[in-house]
Amino acid sequence: MRGYVILCLYVDDMLIVGSDDKMIKSTKDMLKARFDMKYMGLADVILGTKINRTQHGLVLSQSHYVDKILEKFNKGDTSVAQTPIDTTQHLSKNRGEGIAQLEYSRIIGSLMYLMTCTWPDLAYAVSRLSRYTSNPISVHWKSMTRLLRYLRYTRNYGLHYGRDPAVIEGYSDANWISDMKDSKSTSGYVFTLGGAAIAWKSSKQTLIARSTMESEFIALDKAGEKAEWLRQFVEDAPGWPKHMSAICIHCDCQSAIGRAQSAMHNGKSRHIRRRHNTIRQLLSMGVISIDYVRSKNNITDPFTKGLSRELVHKSSRGMGLKPFDQVCTKENLS
């Protein structure tokens, strides 16, 4: 296979990745000759994310950013929480006067950046609390404080990527109408590569699902769309096999899997027909495959609802999110 060099540019930050040291050096020399640039050495921080090298692979972390968030928004509080959400607490929109709306929105913005980059287990909590940004009250602030305390408990966590498994796997899940005041369900998906999460999302569904199967089916459709995008992305990446196998999406609802694999249309489910056609097309083209997984082994569970301490711990490990050692060995990455 021929050598390659990839340039990742964001405003004035550039990351150079390649398979050959000589090609990387010649690329840097070419860029220096044309632009005013400064070489900062091996990449250790990019866009606020630290790159830690270990003997097993790479660890991406943002503990320094967590410290900034806690110093700014939760200073003086030394308490911790072992789960991001209190499962006994039910939130609803405030019809009266809000409390510190601007401060609340600032925290949400900071947490969204953290969740998007390296903290997938915050996805559901941030998505849920952001619904009350326009008019928060004390009960919303109580949930926000708990989430910040969870950050303090997990501040030294990072996403651990290894060399294996070198295949992309997906997980899909849904929680059907958990709040009787809201008729829309919650979808979630996560994709892993090298033992850690590379893409994830938690969001309210745009359609009203009339059963658990329909909510799981809608979530499966969203996961399928992301799987197609990921497949196209990695196939364009140098060094990746051009003819990759189908991305397996694990789902814990056998009726939704059966519906996806069936060519039959149910007249009572016309509102999800387009999604059924999309999934059938992805399956027939070999873009995705769908497999059953037990609910207890579905790492997407925390993307749709609050969980117990044990389940939060288990799902975080399944996504490769765990504590890391600050002492990391240097490997060749430019």
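Helices and strands here are DSSP runs, with strands of at least two residues, numbered from the N terminus. I note at the start that the model is predicted.

**Entry 1: residues with positive phi**

I looked up L47 and found it in the loop between β3 and β4 (49–53). L47 has a phi near 55°, which is a positive value in a residue other than glycine. The relative accessible area of L47 is 36%, so I wrote it down as partly exposed.

A100 also went on the list, with a positive phi near 45° in a residue other than glycine. I located A100 in the loop between α2 and α3. With a relative accessible area of 43%, A100 is partly exposed.

**Entry 2: E97**

I then turned to E97, which sits in the loop between α2 (63–73) and α3 (101–117). Is E97 buried or exposed? Its relative accessible area is 74%, so E97 counts as exposed; the cut-off for exposed is over 50%. Setting aside residues up to four places away in sequence, I found that E97 touches N135 and I137. I also checked E97 against P241, which is 144 residues away along the chain, and their C-alpha atoms are 57 Å apart.

**Entry 3: the open sheet**

I traced an open sheet of five strands with antiparallel pairing, in the order β3-β4-β5-β6-β12.

I followed the pairing of β12 with β6 (residues 157–161), where three bridges join the antiparallel strands. One pair I wrote down is G158 with its bridge partner K322 in β12.

How many bridges join β8 to β9? I read eight bridges between β8 (residues 186–193) and β9 (residues 196–204), and the two strands run antiparallel. L193 has A196 in β9 as its bridge partner. The hairpin has two residues between the strands, and G194 takes a positive phi near 65° there.

**Entry 4: T300**

I found T300 in the loop between β11 (288–292) and α9. T300 is buried because its relative accessibility is 0%, and the cut-off for buried is under 20%. The side chain of T300 makes a polar contact of 3.0 Å with the side chain of N298. Leaving out neighbours within four places in sequence, I listed the contacts of T300 as Y171, S172, D173, G188, Y189 and V190.

**Entry 5: helix α9**

In α9 (residues 309–318) I noted V312, S315 and S316 as buried. These residues lie on the same side of α9, because they cover an arc of only 105° around the axis. What covers the buried residues of α9? I found that the cover includes α5 (138–153) and β12 (321–323). Just after α9 comes G320, with a positive phi of about 80°.

In the model, the span 4–85 is 30% helix and 28% strand, and its end C-alpha atoms lie 45 Å apart.

How values were computed. Residues numbered from 1 in each chain as written. Predicted model: local features only at pLDDT ≥ 70, side-chain atom pairs only at ≥ 80, totals over all residues. Heavy atoms only, no water. Buried < 20%, exposed > 50% of the residue type's maximum accessible area, 1.4 Å probe, protein only. Helix = DSSP H or I, 4+ residues; strand = E, 2+ residues; numbered from the N terminus. Arc of directions from axis to C-beta. Contact = heavy atoms within 4.5 Å. Polar contact = N/O pair within 3.5 Å; in protein donor to acceptor, adjacent residues only side chain to side chain. Pairing = 2+ DSSP bridges.
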